[in-house]
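Please keep the sequence and the structure in view while reading.

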Amino acid sequence: MSAEPTPASRRSTADLVRLFRGLLDEADGIFYGQRTVVTLALAGVLADGHLLLEDHPGTGKTLLASTLAHLLGLGFRRVQFTSDLLPADIMGSQVYDSAGGTFRFVPGPVFTPFLLADEINRAPPRTQSALLEVMDERQVSVDGVTHPLPRPFVVVATQNPGDQTGTYPLPESQLDRFLLRLELGYPDVEREKDLWGGEDPRERLLRTPPCTDAETLTAAQAAVRAMTVSDALLDYVARLIARTRNAPSLAPGLSPRAGRALVAAARAHAFLNGRGAPWPDDVKAVFVAVAAHRLGRAGVASTAAELTALLETTTAR
Amino acid sequence: MIPEPGPASPEVGSGALPRRPRKAPRDGRPLERRRFLLSAAILVLAALPVAVDDFVPWITPLAGLLVLVALVRGPRGRRPPLALLLALSAAAFAGTFLHYGTINGLRAGGSLLLCLVGLKLLETRHERDLNTVLLLTVFLLATDLFFGQQLTAVAYVAAVFILFLATWMGSGTTSGPPRGEGPLGSARSGLRPALGLLAWALPWALALFVFIPRVHGPLWGWGRRHAWVSGLSPNLRLGGIGRLTVSRRTVMTVRFAHLRPPTDQRYFRVYVFDRFDGEGWRPSRRTLEPAPPVAEDGAKGMRVAYRVVLRPDGRSALAVLGRPLTVPEGAWLTRAGTLRARRPLRRSFHYSLVALRGPRPAPRLSARARARDLELPPGVDRRARRLAQRWRRRNPRPSALVERVLRYFHDEPFYYTLHPPPLHGRNAVDMFLFRTRRGFCTDYATAFAVLLRAAGVPTRVVSGYLGGRYDPLNGRVVFNGADAHAWDEVWIRGAWRRVDPTAAIARSRISLRALSLLTGGYTVGGFDVRESRWLTHVGDFWRRIGAVWNRDVLGYGPRLQRAFLRRLGWRIQGWRSWLPLLIGVLVVPPLVLWGLVLLENKRRRGARGERDWERLLRRLGALYPPAIAPGETALEFAGRIAQSHPALGRRLLTLARRRGRVLYEPGSGPLELRRYRKTLRALRARLARISLSPPEAGPTRRRPGP
């Protein structure tokens, strides 16, 4: 499906939903058999959040990011984080303009709607925190001058869980800035066979036209934000959060900001499912992705398992 | 809102049968001993006023014995054999009938009810028996009010009722298991809801009391025969007044207009007897002939004006002090100077009289009349007759003879007692005068009359009320059953003169012990038997409250009501003016309550729909296990069912979607709610038709998760 000629601001919510569901279908064709993950990633974007992709090399982290960027019709830049990367390398810097005799701000790669921060844990903490600050404030301050970032602004960071040497793991306070943490995992064997024998997904991606544009995405994000949430659902969220706070292994439990993130992600998920408001099904769908990295002191994998068990025993009706 | 059954609710998880729990198995449970004892204790408390007030020497102890046996045995063990229970019931009926001559009526009914209490407790074993016990308690509490409406009695009934209500509400008889610990646990936990319930009920009860048209006298005294106060009998048997005289029931009140005669002068005549058959007296027809009132001019005597309120006893005899100068409306005067109502009294009767006290002039006593007033059954009481004739010879003047007889009663060891040895046979008077010498007013009046008649002095016996107790707060003299009395009238010097032989007995020979216990210190047969004066002085304040209660609550009759309503600005003129009040108290409060209930229902409807949903889930879980897990959402559950049962799963998915929209999407309208309910109903109906058998292939359980 291609972008429709009507201006995004005048489209109805139903149209927007149809549009983004079409985008999901397209992404499904490229990113084989990982519809759940793609849905969550798109939900994260619709909730105006940033994503942290964590999985082993070759599982398609970069492909996922580029697919999303391409189909959303957003400008896409990729920064490979290394141990010698400096903040200025991402943000941009004041450069002396010999012609005019003045300093001129040269924007870094961060000035893009869609930024892929590859292997973010390889950069030194200084660079990491600079990026994370930008992610939160959506503006860059260099030498006292503030430069606003374009809207929408999505950062997709990747991490390689296997690598331990020469990495700087992100502290919990920084992890909090990512709305969702996603693991890609492996596709179905059948779909994987298609992948092995079929067309290179990158080429297929290049052939596919974008489904939306930045304006449409902003409108959809506004529609998601405007979604009302029922008391019944908030009760369910409260029950979940209370249980994370009461479980000793998950102490100190989810923060109020995490709760807000959970509801925001659930909203976006509901939007993608064509619902008028989030249901417990949406909360359940996004819960582990929202909560695991915020609680994962003892190791994200075991935390995710524990959160899944918690979902199963918390009354969802 | 969703009620949360808890993280691991066993109800949902265990796949319980989706059938609604029935009442029957619950009620068939054996009764817990503590619960039994508490309920039994409250029942006994409720029965106590009836037992005390309606004490019958052998029925009441029998009931008490049954209760005692039941309490000791407790709710365990075998029920007493049916034959025994039937025999006991028959005995209770027979005893009541023998004692009262009927099994109808308030007092007979009260006795029967007491036996019923004992019998019921004896066979109480299960929860459902408790319902009968509770019902009986309420019935007895209402019955208590028939026996006494004094403030203390009402306070007692109210206290027991609150205790009962608290126990009932706390016991879980209404719903759920018993709550609370300890012997009074259930009562304690139920006290607050019980008081809340009363707080809702009281204002309405008060409005009904104030605004519903009142009738004269108590409602149960209105047109029903068995509720009347027992009064004097139109026949006088030896030993006959005894049972009446221990009653403290008020029979009449008298308000004297000016001067109140002293206690020992307040002889209210009710019946005059002139025919003696050896064992008892009855009036001859002559005494009952109508007669004109006393001509006012030229009549001698002290004038007395008073107003009488007589409690109904189903008879027409009225009480009168002195010789009436006027005849009140609805009454007539007999030749013997007694007053009769034109109709038997079925409600309180009021009448005002002006009368003359003093001897009753009867200058001309015809030979026939004289003969009748001297008549004695032939051949009986020979010894008494010989004695009388001997006295006559020594005291020719009638007044001297009277003195002689009275001196005889005073000097010889005659005792006054309410429990005399029985007198019977043809020579009862001889037996009394020379053998037993124990009796009360009837016996003394009879003996006196026989002696005087034997001596040739016309004498008749009069029964009525003497004395009474002055109630300073109301300004009335109150007569109760204990004031019933019998005395004589002797024809001396052209007038009937009153002689009270009972008063001649030496005070020291009055047996009071049992009497004062029973009467609590009132006058009996003209004697003041009050032993402890302090009783009457204690609690002046309390008595004043009691007086207000008597006057403004118990005495809230048609007149007071009209006055009160007038003060509220409502003038009663004809039945139409009642209508707004009746609508106000009978129609408006139920409507308001109804509205409140509707509002509450609306508020709870969500919860009720939720209950239906839970039932559906339970039913589904039973039909297609495993049941829904706590963390499973409706959609997930529906999806799981759809895997094994596609058709049903589709319906369930529709239902789950509608439910989700209603529950989670604040913008969904009433239409969506109706649709959801309709789908829910339809699905429940469909499932109800499916028999409870396992599905052909158990659906696999999908693990919920991201």
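This is a predicted model: local features need pLDDT of at least 70, side-chain atom pairs count only at pLDDT 80 or more; totals for chains, interfaces and linings use all residues.

Residues are numbered from 1 along each chain as its sequence is written, chains are lettered from A and ligands numbered from 1 in the order in which they are written, and side-chain values use heavy atoms, with hydrogens and water left out.

**Chain A as a whole**

- Chain A has 13 helices and nine strands; helices (H or I, at least four residues) and strands (E, at least two) are DSSP runs, numbered from the N terminus.
- Of its 317 residues, 56% count as buried, where buried means under 20% relative accessible area, exposed over 50%, and partly exposed in between (1.4 Å probe, protein chains only).
- Among contacts (heavy atoms within 4.5 Å) in chain A between residues at least 6 apart in sequence, 76% join residues at least 24 apart.

**Salt bridges**

- Over all chains, the structure holds 32 salt bridges, each being a side-chain nitrogen of Lys or Arg within 4 Å of a carboxyl oxygen of Asp or Glu.
- Side chains of opposite charge can pair when their charged atoms come close.
- Asp282(A) and Arg275(A) form a salt bridge at 2.6 Å, N to O, and both residues are buried.
- Glu119(A) is joined to Arg122(A) by a salt bridge, with the closest N and O atoms 3.1 Å apart; Glu119(A) is partly exposed at 22% relative accessibility, and Arg122(A) is partly exposed at 23%.
- In chain B, Glu412(B) and Arg437(B) meet in a salt bridge of 3.0 Å, N to O.
- This pair links distant parts of the chain, 25 residues apart: Glu412(B) is in the loop between helix H13 (398-411) and strand S13 (415-416), and Arg437(B) is in the loop between helix H14 (428-436) and strand S14 (438-439).
- Glu412(B) is partly exposed at 29% relative accessible area, whereas Arg437(B) is buried at 14%.
- A network of salt bridges links Asp48(A), Arg138(A), Arg151(A) and Arg225(A).

**Backbone features**

- Most residues other than glycine have a negative phi, and most peptide bonds are trans.
- Asp48(A), a member of the network, has a positive phi near 65°; Asp48(A) lies in the loop between helix H2 (35-46) and strand S1 (51-54) and is buried at 14% relative accessible area.
- Pro152(A) lies in the loop between strand S7 (145-148) and strand S8 (154-159).
- Arg493(B) has a positive phi near 50°, lies in the loop between strand S18 (484-492) and strand S19 (495-499), and is exposed at 63% relative accessible area.

**A charged patch on chain B**

- Arg382(B), Arg383(B), Arg386(B), Arg390(B), Arg393(B), Arg394(B) and Arg426(B) form a positive surface patch.
- Patches are made of residues with over 30% relative accessible area and no salt bridge, like charges being joined within 9 Å and nonpolar side chains (Val, Leu, Ile, Met, Phe, Trp, Tyr) within 5 Å.
- Arg382(B) is in helix H12 (residues 382-394) and is exposed at 53% relative accessible area.

Note on methods
Accessible areas come from the Shrake-Rupley method with a 1.4 Å probe; for residues, only the protein chains shown count as cover. Lys and Arg count as positive and Asp and Glu as negative; His and the chain ends are not counted. The place of a charge is taken as NZ of Lys, CZ of Arg, CG of Asp or CD of Glu.
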